[in-house]
Structures are given as C-alpha cells and as structure tokens.
Amino acid sequence: MVYKEREDDLELQVRSKEGVDNGREPLLSEMPKAHKPAVRLFDCILVACLNEDEVDPMFKKREAFINELKSKKMKVTKIMHDNKVFYGIRAPEEIFEKFKYLLKVSDSCNWSIKQKDCIPHITRIRVCHFVLYHTFIGTGEGLSDLLKQDAFETLFYLHEKKEQKRLKKKWANWGAIRYVFLQPIDQIRDYFGEKVALYFLWLGWYTLMLIPAAIIGVVVFLYAIAFFSTDPLIKEVCESNIIMCPSCDKKCQVWQLSDTCGYAKMSHLFDNEGTVAFAMFMAIWATVFLELWKRHRSLHVTRWNVYDWCEDEEELILMIVNDPHCKPKDYKRAYLQNILVILLGTLVLLLIIGMTHVLVIFRVWSATVLAEAPWKFLSDYSNVISVMLGAVLHYFIIQFMTHVNKFMALKLIKMEKLRSGSAKERSFTVKMFTFQFFTLFSSLIYVAFFLGRINGYPGNYVRIAGKLRLEECHPSGCLTDLFIQMAVIMLLKQTVNNIIEFTVPWFKRFMKRTAFKKELRNCGNCYRKACRNEGPDVNLCEICNLRDWLRNYNLSAVDAFSLFNEYLEMVIQFSFTTIFVAAFPLAPLFALINNIFEIRLDAIKMLRLGRRIVPNKANDIGVWTPVLEVIGVMAVIANGLVIGISSDFVPRLVYRYHYGPCANVTSTDIQCMEGFIAYTLSTAYMSEESVRRDFVPSQMITPSGLNVTQCSYRDYRNDDDHSLTSQFWLILAARFAFVILFEHVILLCKFLIAWFVPDNPIRVKNHNLHDRLTRLKHELQEIAERFDSKSTDV
C-alpha cells in the first residue's frame, strides 16, 4: 500500500461563531472544540484497476488526468489495494475562497452560502465534482471519456458516518414510517443538498394532499356500493331475456344479456353520478395542490437563502473558478438540428403508437382464442380476461420501452448541443416524460375513446387484415375496461417497481458483505487512538481511510438519473391519479398507500444502500412544475371526454328527460330509467344477406338449444337499413355540449384558484424585502470600513 498525505498540509481557516480575533481569522487548531467543523480530508474518491504498465495508453491517460488535477493544486492521495488503486482527492482552499467571493458579488447567487462560515461539505463535493468533470488531458478527453474507456472505474463521494446514523434514526428506517409527514427536511438538505431535499419535500406534500382525495374517492366508491342492489339498470340486465349477437367469429354463439349480470354490477361501481362529481373535484384538486405546493416551497427556499438563486449563474461561477481564462458558451439556434430532433422524436412517438396497435391486435386475438376455449370459465369471461392479459402485456412493453425512450432522449439532447448542464437536464426531462406518457397512456386512450366505437355492426364489421374482428363494448358500457386496464398497470407498476428498486440494491449489498469482511481483514487493524475517536481535526491513518473507502465503494452506484428516475415515477403516478380518474376513483387511495412506503424506500435506498449522490443546489423542482401544470390541464380534458364520451352518464340523462317514462310524466311512482338498456340496443336479423356473412347458423343457437333468427347489439341504428338514428345524433350533440361545458367550467375554476392563491406568502415577500435591505446595508458598511482604513493609512 502507498499512502501520500501529510497532516500538516491541511490548512483550513474558518471563522468562529464569536467573530474575528484581533482582525485575524482563527486557525482550526485555535478554535474551541464545540465550534470546530468536521474536517473531511477527501472530497471524492477515484477508483481504477491496478495497472502499472507505462506503455498502456489507459495508464498514460490516467496519469495525465491525475497530473492535470495536481496542476490545479488538488491534493491526491494514492492507496493501492489488491487489484484496485484508489485516489483520494481534496480541492485546495483557494478554490472555495474564490467560489465564495464570486457568489457574494453575484446578483442571483448572493448569500446563497453564508460568507462568514466555513464551506459546507456538500458545497465542497459540488465544486469538486464540477472541477473533475471539466478537467481535460492533452487529447481533449475529460473524466466522462476516461470512465467510458475504463481508464477509471468509478468516481464516488464519501458518506459521513455520524450524519448517516442521525438521519437513519429519524428518517431512513421502516420504523419511521409512522412519521410520514414529519421528515427532517433541513437535515436532508444539509446532507444531500437542496435538490434532494426539495424532492422529499415535494413527495411529502404530495402524499399529504392525497389524503382528502383518497377519502373522497373511497366515499364515491362506497356510494356506488350503497346503491348497488337497488340500481334499476343492474336489475334490468340481470333479469333481461334479450339475446345478444356473437362477440366473435367462428365458434362464438349468441348469448343472454343476463349472463353478464356480474359485469353490469362492476360497471355500476365506476360509472355513476358520483364519479362525475369526483372527476370535477380531482381536476380542481390538482390546481389546489400545485398552488399550495408553490407556497410551501417558497417558505423553505427562503429559509435556505436560495430564493433568488440561479443555476445558470452558479455554473458560470464554477467555470471561472475552474479556469479563470474560460470562455462562455454562446447561445446558438441550430434550425437543422432542431428540425431533425423533432422528426426523430415524432418517429419515436409513432413507434409507441405502433406498440399500441400491437396491444389491440393481441387483445382481439386473445379474446377470440379464449372464446373458443373448451373451458367454460375462459369462454364465458373471454373479454375480461383478454383485457387483463392486454394490461399485463402493456406493463412489459412499458418496461422495454423505458430503456428505448431513455436511449433516444439522450441521443436527441446530444444532437441539440445545448450550452449548459441545466438546459440539457430540462430538455431530457421533457423528452423522456413525453415518451413515457405516450407509452403508458396510448392504450388507455384507445380503450377510453375508440374501443367499441370503430368496430362496425353486424353485416359490416371492421376487421384487422380482413380476419380479426375488433372488440365491442359491453352493453353496460366501456368504462369497466378502462378501469381494469388502469388498475392492473398502476398496481403492477407501483408494486413490482418498488420491490425491484429495494431488493436489487439490498441483495447486492448483502452479497458484497462477505467479500468486504475479507477485504477488511486484508487491510489490517488500526491501533491509533486518534482514529477511533474520530475528532474533527484528526487525520485518519491509511487503514481507516481504506476501510471507509471500501465501505462506500461497495454500495450501489448512483448517477445523474438517480433522482430523475424518482421524479419520473412519481409524476407518472400523479398522471394516473388525475387523468382518467373518473374510471378509477380508488387511484388516489392506492397512490397514498404507495407513497407512505415510497418515502421510506427512497430514503433507505439513498442513505444506506447507495453511494452518496452529488448534493446539487436548487430552489425549485425545475421543469417538473410546468409538467405538473400540463398534467392538470390534461386531466380536465381527459376526464371531461371520459364522462362525456366513454361513460353512459350523458345517454342516461337524455333518456331520463327526453325518451324515458318520465319524459312527459311528473309522477314519482314511475321508474325513470326503466327500459334504458333495451333503448341502447339495436337488432340484427338473419334474413339479411350481410348478417348471414358474419354469423353462420351454428352461432345462432342459444346454450339452451333454441335457434334464433335475430340478435341485439350495442348501438343506435335503425333495424331496417342499420343507419344511425335520430337518438344517436341527439346524444352525440349532448355529449359534446357536456364536454365543452365541463371543461370550460373546470378550467375557469382552475384559473381563478391559481389567481386567488399567490405563489408566495406575504411573510416570504416581507422576508425577502428585509433580506435585500440587510445585504445592501452590509455592503455599504464594508465600503465604509475600507474607506476608513484607507483614510487612517493616509
């Protein structure tokens, strides 16, 4: 082993809380023990495979990179262990002094770090991370290139044991799940930085706001159950003698409408007057949630002194600190690249839509095969089973397309050649979310708005490749199919993903523990009393350093996508919770239950199972805020269309007040919805030649052996020529009128709420006002002190 570090090389000067002693900043050794910050000798660790072959190009590149770091006055400590070489890197203090000064004179980043205090460890990591990734060797290659070429194996940052234990006790353990809304956000910010803290702050706020949505969703569901047995539509289906047309070709036979009594009962649970009110509530809830989140966020970022902080300006400061002679990257508009990006992005969306067509074909094929199955259970419930199988297949397509979408999004942002890291992150987020949204919701859009509306009618069925007949809606409506699809995808995605996210890193850590214990024995034992005490000014020995490095090295790797993946998962869940919620009122409840565990799962994964993430600074959740706003608007449109087009809510209203028994009678003894199911059905006769081409005589035999010459199907068509009836056009007009009225009323309410609820509370505005005044007075005082000192010298 080789160890190169001298304790007397560490010259860290910090200002104590009492102020300046005789005009001089006290040295670390002179500070009272209670005021000494914990000194970390290493900001980051580089790892490479042991290779001392000086002829090897990878060895030359590695040594060149280390020499470049040393030229920037970085302290590099080299420790070799087995077949690995570890480089402990510590940035010089002058870098951070420059960084502090540039932050002070910055317009947007002023006082984002306390000027009189020592540099926090999270800031050291952030600055060091930037410097390392913007250090280039003579060939123009940087650390990213060297990592891809395996000149270096990995780069990671060290966890702090004491802070880990404190956060583990209060936050990152399953026992703290009962304190789901009492996260130590300030401690998370001090350890992981503002960006991670804002994620957990947002996730906690989102989970808290799901409580009223979940309660009302359960009330709506219980309302449907309460009137379950007295609903006249269910009674009409269950007691009906209507013979329905075969649901598929070949072996499918006519069937009794009463055979689907259970399906009709299920449909009533998710298609009733309560779901309409719940959809309106959730559309307004999304706006209230976002507006209150903005106020909640502003309180915390104000307390953290990052309210006016600007990511782009800090990036410029880091560029100057890394290279005083750097040149800014000018803004450019590449029209050809943007056009190419749009075209390629459109191709990806077309591929995703093509996968939806595959799902449609699979559902039609599986329904046909199941209907012809010898087992009665499969043939009787062929449509429901095919919907569930299609949802499961859709889940696996989602998993596959996630990798494709990520690959394409990365390629597209490389083509755009954006000027800054923050711009690349925003562009990648928008592209990845768009691709994922289409991947998840394309099949749901088909089920909600196209299923049973483009399949044709007896004698003129629409077929895929002239063979497979498209699916039909159940006489009780299509909303149950949408519910099954959403429930299967949402539950599978949440449960399976959470299990994989936790078990995979946990199992990796478990498997590495045995090898790690052997490595510890090879390292030797430390007998230094100072190392065991681990005081703030202790320079750990080689053995203790190596043990700490190996402990962090054996954790799961993290990258720039670690936090992005968590955001994407939760925003997609937010989409499921708001979009199409009219068909799934229990979605907020499932989301609430999932998030209670998700907070602890993410905390454990980030603090105990993974390496330390780069503690980036932020004052908002970034581009995710406008994404959530777009989802809120889409929720209004989608739910309005689901209620107006997919649901039977509008046809029931038209029947009640225009065609039903109560249309011209005011008596309360009449059941107004009596005959509604028969009203929504049309009749096909075997006497027509076109109908005989679709249905062979063997299909027109009922299970009881009766040979029928006519059957019913769901549509508003005349019996003689199958043309659309006047009822169809009236209901269609009523559907569009409802959609327009629903969306305008809800959007107006959303805009009024957004205007009425300001983003920043009054106390935040007053705090910022006083803070600016204090800063101006402070600057004026410093100028006066410098002027007085000059006058004294003269």
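1. Please keep in mind that the model is a predicted one. E425 is partly exposed, with a relative accessible area of 36%, and K195 also counts as partly exposed, at 21%.

2. Helix α15 has another charged pair to look at. K431 makes a salt bridge with E416, and here the closest N and O atoms are 3.0 Å apart. Since K431 is in helix α15 and E416 in helix α14 (residues 382–416), the pair ties together parts that are 15 residues apart in sequence. K431 and E416 are both buried.

3. Next, have a look at R124 and E93, whose side chains meet in a salt bridge at 3.1 Å, N to O. R124 sits in helix α3 (residues 121–133) and E93 in helix α2 (residues 93–105), so parts that are 31 residues apart in sequence are tied together by this pair. Are R124 and E93 buried or exposed? Both of these residues are buried. Across the structure, the count of salt bridges comes to 26.

4. Helix α2 itself has 13 residues, which at 1.5 Å a residue should span 18 Å; the end C-alpha atoms of α2 are 19 Å apart, which agrees. The buried residues of α2 are E93, I95, F96, F99, K100, L103 and K104.

5. Which residues touch the most other members of the largest nonpolar core? They are L46, L132, F192, W202, W285, L482 and F580, in a core of 177 residues. Helix α7 (residues 194–226) gives the most to this core, with 17 residues. Apart from it lies another core, of 13 residues, including Y457, Y461, F695 and M700.

6. W285 deserves a visit of its own. Setting aside neighbours within four places in sequence, W285 is in contact with Y206, M209, L210, A213, F574 and T578. W285 and F289 lie four residues apart in helix α10 (residues 273–303), separated by about one helical turn. Both are buried.

7. On to the aromatic pairs, of which a search of the whole structure finds 44. In one of them, the rings of Y87 and F152 have centres 6.2 Å apart and planes at 80°, so the pair is edge-to-face. Y87 is in strand β3 (residues 84–90), while F152 is in the loop between α4 (143–148) and β4 (154–156), so the pair ties together parts that are 65 residues apart in sequence. Y87 is buried, with a relative accessible area of 2%, and F152 counts as buried at 0%. For W285 and F289, the ring centres are 5.6 Å apart and the planes are at 10°, so this pair is stacked.

8. Finally, two places where a charge meets a ring. The charged end of K406 sits over the ring of F561, 4.1 Å from the ring centre. R469 lies over the face of Y461, at 3.9 Å from the centre of that ring; Y461 is also among the residues of the 13-residue core.

Conventions:
Residues are numbered from 1 along each chain as its sequence is written. This is a predicted model: local features need pLDDT of at least 70, side-chain atom pairs count only at pLDDT 80 or more; totals for chains, interfaces and linings use all residues. Side-chain values use heavy atoms; hydrogens and water are left out. A nonpolar core is a set of buried Ala, Val, Leu, Ile, Met, Phe, Trp, Tyr and Cys residues joined through side-chain atoms within 4.5 Å. Buried means under 20% relative accessible area, exposed over 50%, partly exposed in between (1.4 Å probe, protein chains only). Helices (H or I, at least four residues) and strands (E, at least two) are DSSP runs, numbered from the N terminus. Contact means heavy atoms within 4.5 Å. A salt bridge is a side-chain nitrogen of Lys or Arg within 4 Å of a carboxyl oxygen of Asp or Glu. The expected span of a helix is 1.5 Å times one less than its number of residues. Rings of Phe, Tyr and Trp (its six-membered ring) pair if their centres lie within 6.5 Å; planes under 30 degrees apart count as stacked, over 60 as edge-to-face and the rest as tilted. A charge sits over a ring if NZ of Lys or CZ of Arg is within 6 Å of the ring centre and within 35 degrees of the ring normal.
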